[in-house]
Amino acid sequence: MSKLKVPFVNLGIQFERFQNEIVDAFVRLSTGGQYVLGQEVLEFEKRFAKVCQTKHALGVANGTDAIAIALKTCGVGPGHEVITTPNTFIGTVGAIVMVGAKPVFVDVGEDYNLNPNLLEASINNRTKAIIPIHLTGMPADMAPIMEIAKKHKLSVVEDCAQAISATYEEKPVGSIGTIGTFSLHPLKNLHLHGDGGMITTNDTQLYEKMRLYRNHGLINRDESVFFGINSRLDNIQAAIGNIKIEYLSDITDRFVSIASLYDKGLDGIVQLPLKFINRKGVYHNYIIRVQQREKLRHYLQDKGIETKVHYPNPLHLQQASCDLGYQAGDFPLSEQQAQEILSLPIYPELDNSQVSLVIDSIKDFFC
Ligand SMILES: Cc1ncc(COP(=O)(O)O)c(C=O)c1O
């Protein structure tokens, strides 16, 4: 295998871009001594809400907690079912189980997101919420999902972990459902130097409950009004968020422009991500579909190009799901996609010559 010419991620070079500001913030906040929650968190929440065009944003410890807190606050618990898709990161489903509810899967469409045409058949009197995931950074088809949710009086928790700044009918993700949840994990388009998460909502009552729930139900240092959890965001992480959120539109533009280079270069060669006139994706992952996926993957690896698969094992076929009673064949499109998808490197620091190398190498493979 040759030396890696195009790594799948390269967080070190992004740090170099922000190094001076981050080091200054670290020194300033370390001297100040307020390490958990604090002013930087409040500021980050304010800026995040502005990006999502929501009334509120709430910093939490990670994206999985964000979903669990959202579900819990919508009244989801034991005896309830929550509908989502089986091709997501394990955390979406883990959060449903965390609140004591049962995950129910619905297959996806060609956009890798919940297929609204299949949704209603899975709703029953135990169903309490739907979690559409904006997978790869492409918004799910929210209009029919919201219509069905309204008809059946269900909460909608948008899993926006991969999709900050994506829009559906001009509305930012996280502002469409009852609640939006975000991960700020180091691999996300907007990320911290460790774990972090954010919750968005326009519902002030839900926001107030979630704000207390993330910090043990405490209304002051010594008094708690209900039992909650510790899912606080660190002040230093929020300071990093405040530095990076300033550059979010630059960061997003670069993801989108790399995606359009791939679109142009690979058109007619492999199956490309779908495009929609009413949805603007942010290409957290750029996923192509090919039948000889493993062969192509090894070919690219030999050329020094690292790729990944998001995700190779659908959730209903994981050992963790064995009690849910699903089997192979239950979600045909998710299963087929899992065999054929390949994520190409995409991050703002990737330069055009690296993108060209990926495109040319894929073309070489097919000719
Ligand atoms: C779609 C999706 N949902 C939920 C999560 C969970 O976020 P976290 O890792 O911050 O807990 C992730 C993160 O990987 C994700 O990609």
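Reader: So, cysteine 160: buried or exposed?
Author: Cysteine 160 is buried, with a relative accessible area of 0%. Keep in mind that this is a predicted model.

Reader: And how many disulfides are there?
Author: The count is 0 disulfides. Cysteine 160 is in none, and the nearest cysteine sulfur, that of cysteine 52, is 6.9 Å away.

Reader: Is cysteine 74 buried or exposed?
Author: Buried, with a relative accessible area of 14%. The cut-off for buried is under 20%.

Reader: OK, switching to the backbone. Which peptide bond is cis?
Author: The one from histidine 310 to tyrosine 311 is cis, with omega near 5°. Tyrosine 311 sits in the loop between helix H9 (293-302) and helix H10 (332-340).

Reader: What about threonine 136, what's its phi?
Author: Threonine 136 has a positive phi of about 70°, although it is not a glycine. You'll find threonine 136 in the loop between strand S4 (127-130) and helix H5 (142-151). This threonine 136 is also buried, at a relative accessible area of 9%.

Reader: And tyrosine 283, where is that?
Author: Tyrosine 283 is in the loop between strand S10 (279-280) and strand S11 (286-289). Its phi is positive too, about 50°, and it is not a glycine. With 9% relative accessibility, tyrosine 283 counts as buried.

Reader: Let's zoom out. How many helices and strands in the protein?
Author: The protein has 11 helices and 12 strands. Its C-alpha trace spans about 70 × 55 × 35 Å along the principal axes.

Reader: What does the radius of gyration say?
Author: The protein has 21 Å, and a compact globule with 367 residues would be near 21 Å, so the two agree. Buried residues make up 56% of the 367.

Reader: What share of the contacts joins residues at least 24 apart?
Author: That's 71%, taken among contacts between residues at least 6 apart in sequence.

Reader: Last one: what about the surface and the charges?
Author: The protein exposes about 16,500 Å², with carbon and sulfur atoms supplying 51% of it. On charges, there are 35 positive and 40 negative side chains, and the centres of the two sets lie 2 Å apart.

Key. Residues numbered from 1 in each chain as written. Predicted model: local features only at pLDDT ≥ 70, side-chain atom pairs only at ≥ 80, totals over all residues. Heavy atoms only, no water. Disulfide = S-S within 2.5 Å. Buried < 20%, exposed > 50% of the residue type's maximum accessible area, 1.4 Å probe, protein only. Helix = DSSP H or I, 4+ residues; strand = E, 2+ residues; numbered from the N terminus. Rg over C-alpha atoms; globule rule 2.2 N^0.38 Å. Contact = heavy atoms within 4.5 Å. Areas by Shrake-Rupley, 256 points an atom, 1.4 Å probe, with all protein chains shown as cover. Lys, Arg positive; Asp, Glu negative; His and termini not counted. Charge placed at Lys NZ, Arg CZ, Asp CG, Glu CD.
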